[in-house]
Amino acid sequence: MEVSSRVHAYNLVKWAKDKPQVLVMSADLTSSTEIDIFRDDYPERFISAGIAEQNMLSVAAGLTREGFIPFIHTFAVFIYRRAYDQVAMSVAYSNLPVKMFGFLPGITTPGGATHQAIEDVALMRALPNMTIFECGDATEVETILDSVLAVNGPVYVRMIRGDIPRLFDKNEPFVIGKNRLLSFGTDIVIVSSGICTEEAIKTVAAIKSKGMSVTHYHISTLKPFNSKDIIDSIAQSKYGVISVENHTVMGGLGTIIAEAMAEAGVPKKLLKLGLQDKFPHGASKKYLMREYGFDAIAIVAAAEKLSGKNLGITEAELKQVDIKPMHSHLKAEDL
Amino acid sequence: MADINWQNNVKKVAKGIRRRVLEHTINCNGGYLSQACSSAETLSTLYVKIMNLEHISTPIMPRPFPGVPGANNKAYFTGGEFNGSHAPQYDRFILSPAHYALVLYACLIETGRMHESGLDYFNKDGSSVEMIGAEHSPGMEVTNGSLGQALSQAAGIALAKKLKKESGKVFVFLSDGELQIGQTWEAFQFISHWKLDNMFIYVDVNGYQCDGIMTETMNVEPLDKKLEAFGAKVYKVYGHNPEELVKPVAEFIPEGRPTVVLASTNPFEGIPLLKNNAPKYHYVRMKSEQEKNLYINELNKMKAPGLIIPGMG
C-alpha cells in the first residue's frame with residue numbers, strides 16, 4: 001500500500017501560491033495541522049490567533065466581509081465544540097466562506113476524549129448553510145481544496161494528517177457530491193467514510209473471495225448528501241446495508257443513510273458501525289477501532305449478521321489484502 | 001452639517017434619540033429605553049462628528065426582510081447601506097450589542113440616514129427593522145445578537161483593512177456587560193497582538209445589566225486597568241459630554257494600539273423618571289396606566305423644544 005507523508009503541508013503551499021485572497025489561520029497548532037511550510041513561505045498570509053478559537057472564528061467571519069478567504073486550521077474539537085456558537089452565529093448564519101479544517105477526526109489521536117472529534121458531523125450537519133467534507137486518503141487531501149474554495153459558503157473538512165494511505169487513483173480527484181463506487185454487487189451494500197474506507201476495502205476483498213457480492217461506496221461529501229445511487233443500490237441489495245464511520249452512530253454517516261432510506265421508503269436492514277453512543281479514550285487508532293467495533297473484522301461480523309452466513313474470514317486473510325489505488329466505477333452498468 | 005455647530009447638532013440628535021425611543025416604548029408598552037438614555041450622546045457624537053461615513057442624501061426606507069443569508073438567496077442585503085459605501089477611505093461602524101437596535105434606528109433617523117417612518121416597521125413580521133437586530137437590520141452589517149462576537153468580527157474587518165492598506169477606521173460600539181464575556185478579552189488580546197490601531201471601541205459603561213447592578217451581578221472593574229494591561233489606549237470620559245467623547249479621536253496618533261473609550265453614562269440620563277426602575281433597566285415596561293401617563297407627560301415635555309437639555313439630567 002502506498003503511504004504518503006504530510007500531504008496537506010506540501011499541497012496547500014503549492015495550491016495557494018496564486019490565491020492571494022486565501023489566508024491561513026492557526027490556533028497554536030501550526031505544525032500539528034501541517035501549515036508550518038505555509039507560515040514560512042507566506043508569512044504575510046498567516047494569521048496566528050493563539051489558543052482562542054472563539055475569537056478566531058469570529059475574526060475569520062470579519063475577514064470574509066472584506067474579501068479574504070480564511071482557512072482555519074486546528075483540531076476539530078476546538079472548532080465545533082469550543083466555538084460552536086461562533087461557528088453558528090458569526091459564520092454559518094451569514095453563509096460566509098470561512099473554510100474550517102478540523103484535524104483528528106474520531107479516534108485518529110491517542111489524545112483521549114478531549115481531542116477526539118466524535119460528534120462533529122452530527123453538530124455541523126445540523127447547521128444550515130454548512131457543507132461537510134471528509135478526507136479518506138492522500139488523493140482526496142491533495143484534490144479537495146478546489147472544491148473547498150468553490151463552495152459559496154462555509155465548509156467544514158474532517159482532515160487527516162501525517163502518514164496517510166493512497167486509496168484512490170491520483171487522476172480521480174475529489175468532486176463535490178460524487179460518491180466513489182469502489183465495488184459493485186447485489187448481496188450487501190457497505191457505505192464508509194474517512195479512515196474507515198481502508199478497513200472496508202480489506203473486508204470487501206475478503207468477502208468477495210468467499211463468493212458474496214458487495215457494493216461499496218466511499219462518501220466524502222457528507223453534506224449536502226447525494227443519496228440517489230446509494231439508495232438504488234440498497235433497494236436492490238439482497239440483505240441490506242452496513243455503514244462504517246469514525247464517529248458516533250448518532251447523527252453521522254449511519255444516520256444520513258437511515259434518513260435517506262426512510263425518505264425513499266427502502267425497507268432494508270441497516271447496521272451502523274462506529275462509536276455506539278460511547279466516548280472513546282486515549283489509545284492507538286488500531287486498538288480503538290477494534291475496541292469500538294469498526295475495523296475490518298468488525299465489518300466482516302456485520303456482513304455475517306446481515307446475511308446470516310458464516311463467511312469464515314480470518315484476521316490473516318484481512319491482513320493479506322494488498323490495497324492499490326482504486327478507480328471508481330462510474331456506473332454500475334459498466335461492470 | 002455645519003461643523004461650528006457640531007455640539008448643538010450632537011445634542012439635538014441625542015435628544016431626538018431619547019424622544020423617539022421613549023415614544024416607541026410608550027406606544028409598544030415596552031422597550032430598550034435605558035439604552036437610549038445612556039448611549040444617546042455616544043452614538044450621536046460618533047455619527048455627527050467622529051466617523052467618516054459616506055453622506056446619504058435621501059433617508060433610506062428599510063426594505064422588507066430579504067430572507068436569511070444563503071448560497072441561493074440573491075436578494076440578500078445587509079443594513080450596512082445605512083452607513084454608506086464601504087469604499088477604502090470610509091470608516092465602518094459595528095454595533096456589538098444588538099439590543100441597542102432601536103437606539104441605533106432612532107439615531108439613523110435623526111442623522112438623516114433612515115426614513116422617519118421606517119420605525120413603523122419595528123418588530124413587525126416580515127420587516128428588517130427587528131427588535132434585537134441582525135445584519136439585515138438598518139445600520140448593522142454583522143450578526144451581533146450573541147453578545148461578544150461582534151468585536152472579534154470587527155477585528156477581522158480591521159485586520160483586512162490593514163492587509164489591504166485602506167485608510168478607513170473601524171468603530172465599534174460595545175456594552176459594558178460584554179466585558180464579562182471571555183471572547184471579548186480574546187478579541188482585545190488579538191487586536192493588540194495584531195496592532196489594530198485602526199480600531200476605536202466606545203464602551204457604554206452604564207453599570208447595569210439584565211439582572212441589575214453589574215458590580216453585584218459580576219464585577220468587571222477596574223476596566224481601564226484591565227484594558228490597558230491588554231494593550232489598549234484607554235480614555236475614561238463622561239459619556240454625555242460630546243467634547244469628551246471626541247477628544248480620543250481628535251488627538252489620535254497611530255502607535256499600534258487600539259483606542260478604547262470608556263464612556264461613563266447614566267441609564268436614566270434625560271428621563272429622570274426612569275430612575276424609579278432601579279436597578280432593573282434592561283427592558284422597560286409600563287406597569288400601570290398611571291405610570292404610562294407619567295411617561296406621556298415626560299414625552300410631551302421633550303416634544304416642547306428647549307425644556308430638557310440632554311447632558312444635564
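**Chain B: contacts and overall form**

Among contacts in chain B between residues at least 6 apart in sequence, what percentage join residues at least 24 apart?

*Solution.* Take the contacts of chain B between residues at least 6 apart in sequence; 78% of them join residues at least 24 apart. Two residues are in contact if their C-beta atoms, placed from the backbone, lie within 7 Å. This is a predicted model: local features need pLDDT of at least 70, side-chain atom pairs count only at pLDDT 80 or more, and totals for chains, interfaces and linings use all residues. Residues are numbered from 1 along each chain as its sequence is written, while chains are lettered from A and ligands numbered from 1 in the order in which they are written.

Next, check the radius of gyration of chain B against a compact globule.

*Solution.* For 313 residues the rule gives a value near 20 Å; chain B has 18 Å, which agrees. Then look at the C-alpha trace of chain B: along its principal axes it spans about 55 × 45 × 40 Å. Last, look at burial: 52% of the 313 residues of chain B count as buried. A residue is buried if 20 or more other C-beta atoms lie within 10 Å of its own, exposed if 12 or fewer, and partly exposed in between. The secondary structure of chain B comes to nine helices and seven strands. Helices (H or I, at least four residues) and strands (E, at least two) are DSSP runs, numbered from the N terminus.

**The helix α4(B)**

What span should the 14 residues of α4(B) have?

*Solution.* The expected span is 1.5 Å times one less than the number of residues. For α4(B) this comes to 20 Å, and its end C-alpha atoms are 20 Å apart, which agrees. Now turn to burial: twelve of the 14 residues of α4(B) are buried. Among them are B:Ala150, B:Ala155 and B:Lys161. Then find the partners. The buried residues of α4(B) pack against α3 and α5 of chain A, together with β1 (92–95), β2 (170–175), α5 (182–193) and β3 (199–205) of chain B.

**Where the chains meet**

How many residues of chain A are in contact with chain B?

*Solution.* Count each side: 24 residues of chain A are in contact with 22 residues of chain B. On the side of chain A, α3 (53–65) and α5 (84–92) each supply at least two residues. α3(A) gives the most, with nine residues. Sort the side of chain A by class: nine nonpolar, twelve polar and three charged residues. Here Ala, Val, Leu, Ile, Met, Phe, Trp, Tyr, Cys and Pro count as nonpolar, Asp, Glu, Lys and Arg as charged, and the others, Gly among them, as polar.

**The domains of chain A**

How far apart do the C-alpha centres of the two domains of chain A lie?

*Solution.* Start with the bounds, which come from an automatic or database domain assignment. Chain A is divided into domain 1 (3–165) and domain 2 (180–330). Their C-alpha centres lie 27 Å apart. The contact takes 25 residues from domain 1 of chain A and 27 residues from domain 2 of chain A. On the domain 1 side, α6 (120–125) and β6 (131–134) of chain A each supply at least two residues. The largest share of that side, four residues, comes from β6(A).

Is A:Asn95 buried or exposed?

*Solution.* A:Asn95 has 21 C-beta neighbours inside 10 Å, so it counts as buried. Its phi is near 50°, a positive value in a residue other than glycine.

Compare B:Asn123, in the loop between α3 (101–110) and α4 (150–163) of chain B. B:Asn123 is not a glycine either, yet its phi is positive, about 60°. With 16 C-beta neighbours inside 10 Å, B:Asn123 counts as partly exposed.

*Solution.* The bond joins A:Lys223 and A:Pro224, with omega about 0°. A:Pro224 is in the loop between β12 (221–223) and α10 (228–236) of chain A. In chain B, the peptide bond from B:Ala278 to B:Pro279 is cis, with omega near 0°.

Conventions: Rg over C-alpha atoms; globule rule 2.2 N^0.38 Å.
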